[in-house]
Every structure is written in structure tokens, then in C-alpha cells.
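Reader: I would like to go through this model term by term and hear what each label rests on. Please set the values against the cut-offs as you go.

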Amino acid sequence: MSGGNCSSVTEFVLLGFTDLQELLFVVFLLMYITVLLGNLGMIVLIRTNSQLHTPMYFFLSHLSFLDVCCSSSIMPKLLLGLLAERNVISFNGCITQFFFFAVLGTTEAILLAVMAYDRYMAICKPLHYLVAMTHEFCVHLVLGSYAVGSLNALVHTSGLLQLSFCGPNLIDHFYCEMPPLLLLSCSDTRLNKMVMVTCIGFIITTSVLAILISYACILLTIWNIRSAERKHKAFSTCTSHLMVVAIFYGSAAFLYFRPFPAKAEDQGQTASIFYTMVTPMLNPFIYSLRNKEVRSTLRRAMNKLLSC
């Protein structure tokens, strides 16, 4: 992070998608609308139905909120850029976009671990579940997730602001992300890379470890359940979360833990698309299609809407 911010670059040009822009605009617009409708619908469904006022759905509503905000920090600018000849973003706008995306992405990673702990308490310690997982405790867990996400984003954003960007200003990506920005800096970025890998590695490792421990205990508990119906119910509440975890952490690990490319052409845009668009789009469908309570609540809401 050496060198002061004597940046001569006042704007960046995002070169993420230069071909088939009209087609990609339609595809990404439909994906963004799906993200908004699916996740906002999930939030409204949870907040308006008293049967879903449980810790699991409280965390799920915040996961949907994070997905909406995460996509909204990227998609509007991307859609506007696909309609323009040059997708230009100011230096301050780029840093701001990175900050909010880092806050939301880190918070979601931690929240997924919190949701695994919630499943552990519900399945392994059902008699203590409602006593331990009070609303106040759940709020503290969510606020703690946001606090860690904000702290992580502040560390990396402060590091970026210490770098010099003297040109070129062409980012071969569709949003402002840490690896491609470091490639454009004319300062020594070794410390930034080390801090990035250390912080993100610690967050992902501890979150995944918490998830693995939680589900190891859950599997042992389910194994000892004699009732086939109870086994199926326990599995059904876990498989949705595991699918979301696999998609989220898989794309995040590929994005941050692969070797830094020597050239700016290879920035893992496919992994970024999964990370920023596909996962937020699929999450509400994964939870709604594989969750009996959400399906029944959604069915009642649709019947009430149609009757009106």
C-alpha cells in the first residue's frame, strides 16, 4: 500500500462486455428483474406471515435483502453501460461501488455461516432452540455480520485509496473489483494482495469451517433419528442452505484464490457473474421450491391475490 494517492486517473472504462451488448442488456435486465421480484417477494412473504416469524426466516429475509443490495450495486451501472458506447465510471464512483459490494459480499458470507448455526441449534438442540435463538440474539448476529463486512470493506478501500493510478484506466471487468484494480495501479500492490488474501481467506475459512462443523453435527443427529418423516424434514431444511453455500463460496473462492493473472484479460468474469447475478437470482427459488412452509405460504398468498 505504499505511495500516496497521487492519482492522475479520474475515471475508469469498464470493458466487461463489448460484444452482443443489446442481447446481453435484455438478458441481464431480465435477471435483475428476477432478482428484485424474487428477493423482495421473499421479504414481503416472510414479514407479512406470522408463521414465518422464526429465526430461520429472519435470517433468510436478510439474505434476500443482501442479494437485492448486492445486485443493485452492480446491475444498474452495467445495464446503462451496455446502452452506451463507453461504460465509464468515475474514480470516486468506482471506489464507492467496490466498498458497498465488499460490505454486502462479506456480510452475506458470514450470514450463511450464521444460518448454518441456526440449523444446528434447531436440529441438534431443539429443546433449547427458542430459548437460545431469541429475537435479540438473532439481531445481534445479523448486526455482527454487517459490522465485520463493513470493517473488511474499510480495510481494503483504505488500501486502494493509498495507491496511485497513473494509467491505463481500462478495467477488463464489468464492475470495480479488487483484483483488476490492483493490476492497474502503478504503486507496489504486494501488501494489498497479501491483505486481501489474508482477510478474505480468514473470513471464508472460518465461515466454511463453522458451516462444516454445524452440518457434521446435524448429520450425526439426523443419523440417530428413527422417524423417516423427521429425517426428511430435517434434510429438506438443510439442502436448500447447502445449495446456496456451494454456489456462493465456490464462485467466491475461484474469484479470489486463483493466482493473479499477468494480464488484465483474464479476470474470472464467469465466476463474477455467478457471484453477483446468478446466486442472488437463484436463492429465493431454491428456498421457496425446497421449503414446504414457504411453498404453502406462497400458495395461500397467490390464492388470496387471485380471489381479490
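Reader: How many helices and strands are in the protein, and in what pattern do they follow each other?

Author: The model is a predicted one. The protein has eleven helices and three strands. Along the sequence their pattern is β-α-α-α-β-α-α-α-β-α-α-α-α-α.

Reader: What share of the residues counts as buried?

Author: Of the 308 residues, 49% count as buried. The accessible surface is about 15200 Å², and carbon and sulfur atoms hold 69% of that surface.

Reader: What share of the contacts with a separation of 6 or more comes from residues 24 or more positions apart?

Author: Such residues account for 80% of those contacts.

Reader: Which residues does the UniProt annotation "transmembrane region" cover?

Author: The unreviewed UniProt entry places it on several spans, including 23–45 and 57–75. In the model, residues 23–45 are 100% helix and 0% strand, with 33 Å between the end C-alpha atoms. Residues 57–75 are 89% helix and 0% strand, and their end C-alpha atoms lie 26 Å apart.

Reader: How many aromatic pairs does a search of the whole structure find, and what makes Phe101 and Tyr175 a tilted pair?

Author: The search finds eight aromatic pairs. In the pair of Phe101 and Tyr175 the ring centres are 5.0 Å apart and the planes stand at 55°. Ring centres have to lie within 6.5 Å to pair, and planes under 30 degrees apart count as stacked, over 60 as edge-to-face and the rest as tilted. The angle of 55° for Phe101 and Tyr175 therefore makes the pair tilted.

Reader: Why is the pair of Phe101 and Tyr175 said to tie parts together?

Author: Phe101 lies in helix 4 (residues 91–124), whereas Tyr175 lies in the loop between strand 3 (170–171) and helix 7 (178–184), so the pair ties together parts 74 residues apart in sequence. Phe101 and Tyr175 are both buried.

Reader: Why is the pair of Tyr117 and Tyr120 called tilted?

Author: The ring centres of Tyr117 and Tyr120 are 6.1 Å apart and the planes are at 35°, so this pair is tilted. Tyr117 and Tyr120 are three residues apart in helix 4, which means a separation of about one helical turn.

Reader: Why do Tyr117 and Tyr120 carry the labels they do for accessibility?

Author: Buried means under 20% relative accessible area, exposed over 50%, and partly exposed in between. Tyr120, at 18%, therefore counts as buried. Tyr117, at 32%, therefore counts as partly exposed.

Reader: Which residues do ring pairs link into a cluster?

Author: Ring pairs link Phe12, Phe91 and Phe165 into a cluster.

Reader: How many disulfides does a search of the whole structure find, and how do you know that Cys94 and Cys176 form one?

Author: The search finds two disulfides. The cut-off for the two sulfur atoms is 2.5 Å. The sulfur atoms of Cys94 and Cys176 are 2.0 Å apart, so Cys94 and Cys176 form a disulfide. With -125° about the S-S bond, this link is left-handed. Cys94 is in helix 4 and Cys176 is in the loop between strand 3 and helix 7, so the pair ties together parts 82 residues apart in sequence. Cys94 and Cys176 are both buried.

Reader: What makes Cys166 and Cys186 a disulfide?

Author: The sulfur atoms of Cys166 and Cys186 are 2.4 Å apart, and the cut-off is 2.5 Å, so Cys166 and Cys186 form a disulfide. The link of Cys166 and Cys186 has 55° about the S-S bond and is right-handed. Cys166 lies in the loop between helix 6 (135–161) and strand 3, and Cys186 in the loop between helix 7 and helix 8 (190–223), so the pair ties together parts 20 residues apart in sequence. Cys166 has a relative accessible area of 45% and is partly exposed. Cys186, at 43%, also counts as partly exposed.

Reader: What pattern do the disulfides follow?

Author: With bonded cysteines counted along the chain, the pattern is 1-3, 2-4.

Key:
Residues numbered from 1 in each chain as written. Predicted model: local features only at pLDDT ≥ 70, side-chain atom pairs only at ≥ 80, totals over all residues. Heavy atoms only, no water. Helix = DSSP H or I, 4+ residues; strand = E, 2+ residues; numbered from the N terminus. Buried < 20%, exposed > 50% of the residue type's maximum accessible area, 1.4 Å probe, protein only. Contact = heavy atoms within 4.5 Å. Areas by Shrake-Rupley, 256 points an atom, 1.4 Å probe, with all protein chains shown as cover. UniProt positions renumbered as here; feature names shortened; annotations may be inferred. Phe/Tyr/Trp six-rings, centres within 6.5 Å; stacked < 30°, edge-to-face > 60°.
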